[in-house]
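Me: I have a structure open that I have never looked at before. Could you walk me through some of it?

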Amino acid sequence: MQHKGIHKKDAYWLGFIALLTMLPMVPAVTANSFHMHVVILILLFASMSQAWNIIGGYCGQVSFGHSVFFGIGAYGAGMAVVTYGGMPWPGILIGVVLAAVVAVVISYPCFKLSGHYFAIATFAIVEIFHRTFLVWDWVGGALGLDYPLVKEGLTNLMWYDTKTGYYYCALVLFLLIFGTVRWLEGHRFGYYMRAVREGQETAESLGVNSTVVKLAAIALSAALTALCGAFFAQYNLRVDTPMVMSLDMSMKFVLITVLGGSGTLVGPLLGAAVLIPLQEYTRAFWGGMGGGVDLIIFGLLIILMVVKQPAGMIGIFYAVRKRILKRNIAAKGESADGAP
Amino acid sequence: MALLDVRDVTMKFGELVANDRVSFTVESGSIVGLIGPNGAGKTTLFNCVTGFLKPTGGAIIFDGADITGYTPYQIARLGAVRTFQVVRPLKEMTVFDNVLVGAFLKTSDNREAFARAAECIEICNLESLQEKPAGELSIGGKKRLELARALATRPKLLMLDEVMAGMTSTEVKVSVEVILRLREGGITLMIVEHVMEGIMPIADKMVVLDGGVKIAEDAPDRIINDESVIEAYLGAKYAQRFKARKEGGLIG
């Protein structure tokens, strides 16, 4: 029945993960730190988008507020290191918990709004947080937080010489978040999230408390997003509001997932694998043309995708596979007919 | 004691009274038909019992507990589960996954839920369609899916809202068989039907609504001879003729 397909898919994933684990052993990759940088960002943004995918894709509540949770995680790590001069770890933990709490507190009233109104409300929330953090001195205000030079390694979660340490951290993050979503897909909570997306009243008629499902989904999504934010701060050695807690950042969660295919496990990875190299290489090569070239291309791609294949890249993949399968069946049918 | 006890339930939408002090009981293990012409307030009453509407007055007692004003999911968890008249498949999920959502009500264990879902799919003859997205089913298939999904929750009281409407006569036959099988399995059923023919032969009791008011509550064979019921369905003229013929001994 269903199980066979899932196992086969998991085998592909395991193979892919094994490849990722060995990637830093390829000297050609590690020698060019820019390629390494792009790969790290792909893993990071795939993880972020997968965290968003929990509430936005599987549970169907499109949030433009995820940069708030991302920012809380980033500030958690940043303040632990810069303001309090310690290790980032306690700050990361506080950030993760705080992001989940903030998510529940702001979502509870917003979930009373349905459909597009929820999305619009989350826009407003980003703006509120953005403005507040920009003028709040305790969190660094408009200047932001700049990391001091400390001893590199896992204790401080910082590396200077090579990016290999960061790479493995990003890989762990990726495995944690993709693993969580893969696990959810096959369990009651995952089915409940999809049921709420497809029909809230129907789900309720079957005994599903849709409010609790949505709140739990956004709490989990926010906590995982904050974890990504913390990594982002450690990687950039800097935190400021426009960088982590802005509509620009919020849009990336949504665009990557929608481009790849929302509500699917592989979608966020596909989206990140296309958009992130695009973003980084256009920035590097066409940066002189003024900022925003990457965003123009982003925009064009999204328009194309939404018009041609709303299910995202994974939708294209399925459509192509279906066509090939059909052709194969047709070809076999012909040869069978042609046989004497 | 009755499994479901509806007491003086009144539902007003502004000035419009959709249900006016409706009372009846559903005995454990029985099949109760709720019938009435269009606009009689059947679905409104159904929505009140299942928590989708909060009645303006009266009380609903289920399995000894006052459930008036409970939310739909609370009522479902207590064991009173419904289907929808206007089918509501979880469109992008497969038929199997739809039923699985229902099966997860009583267990969080995957193996148990999968087994329960498979069982209900088989009862409702959906095996050949189980891998299809629910949105792609025919109307008859969607109605059967509604039934399978509700059944998967292992309800004490299964409330079917026009589950046979829009079905072919063969499909109606199959549905009747399924319903009888469910009752044998110990499930109490309350069935809203617009068409009398489907429900009459299998119901233990019929409750008839007209204009929001209960006009009769009796065994089916007595309901078909009830003047007020005939009048509600067929008009006053026919009722008079029916009465005259009955008195003349033309109809037994």
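Predicted model: local features only at pLDDT ≥ 70, side-chain atom pairs only at ≥ 80, totals over all residues.

Me: Okay, helices to begin with. At what angle do α7(A) and α10(A) cross?

Reply: Helix α7 of chain A, residues 164-185, and helix α10 of chain A, residues 210-236, cross at roughly 170°, and their axes come within 11 Å. Angles over 145 degrees count as roughly antiparallel, and α7(A) and α10(A) are therefore roughly antiparallel to each other. On the α7(A) side the contact includes Tyr166(A), Leu173(A) and Ile177(A), while the residues from α10(A) include Leu224(A), Phe231(A) and Gln234(A).

Me: Gln234(A), then: buried or exposed?

Reply: Gln234(A), which has its place in helix α10 of chain A, counts as buried because its relative accessibility is 0% and the cut-off for buried is under 20%.

Me: And what does Gln234(A) touch?

Reply: Leaving aside residues up to four places away in sequence, Gln234(A) touches Ala77(A), Val81(A), Pro88(A), Tyr147(A), Asn156(A), Leu157(A), Met158(A) and Tyr166(A). Leu157(A) is 77 residues from Gln234(A) along the chain, yet the C-alpha atoms of the two are separated by 6.7 Å.

Me: Switching to chain B, how do α5(B) and α6(B) pack?

Reply: The axes of α5(B) and helix α6 of chain B, residues 169-184, are 12 Å apart and the angle is about 5°, so α5(B) and α6(B) are roughly parallel to each other. Gly140(B), Arg144(B), Leu147(B) and Leu151(B) from α5(B) meet Glu171(B), Val178(B) and Leu182(B) from α6(B).

Me: New topic: how many salt bridges does the structure hold?

Reply: Over all chains there are 16 salt bridges. One of them joins Arg182(A) to Asp10(A), with the closest N and O atoms 2.9 Å apart. Arg182(A) is in helix α7 of chain A and Asp10(A) is in helix α1 of chain A, residues 2-22, so this pair ties together parts that are 172 residues apart in sequence.

Me: What about Asp146(A), which residue does it form a salt bridge with?

Reply: Asp146(A) forms a salt bridge with Arg238(A), and here the closest N and O atoms are 2.9 Å apart. This pair links distant parts of the chain, with Arg238(A) in strand β2 of chain A, residues 238-239, and Asp146(A) in strand β1 of chain A, residues 145-146, 92 residues apart. Asp146(A) and Arg238(A) are also linked with Asp240(A) in a network of salt bridges.

Me: Which residue of chain A does Arg88(B) pair with?

Reply: Arg88(B) forms a salt bridge with Glu201(A), and the closest N and O atoms are 2.4 Å apart. The pair crosses between chains, from the loop between β6 and α3 of chain B, where Arg88(B) lies, to helix α9 of chain A, where Glu201(A) lies. Arg88(B) is partly exposed, with a relative accessible area of 29%, and Glu201(A) counts as partly exposed at 40% relative accessibility.

Technical notes:
Residues numbered from 1 in each chain as written. Chains lettered and ligands numbered in written order. Heavy atoms only, no water. Axes fitted to C-alpha atoms, helices over the stretch in contact; angles between N-to-C directions. Helix = DSSP H or I, 4+ residues; strand = E, 2+ residues; numbered from the N terminus. Parallel < 35°, antiparallel > 145°, perpendicular 65-115°, else oblique. Contact = heavy atoms within 4.5 Å. Buried < 20%, exposed > 50% of the residue type's maximum accessible area, 1.4 Å probe, protein only. Salt bridge = Lys/Arg side-chain N within 4 Å of Asp/Glu carboxyl O.
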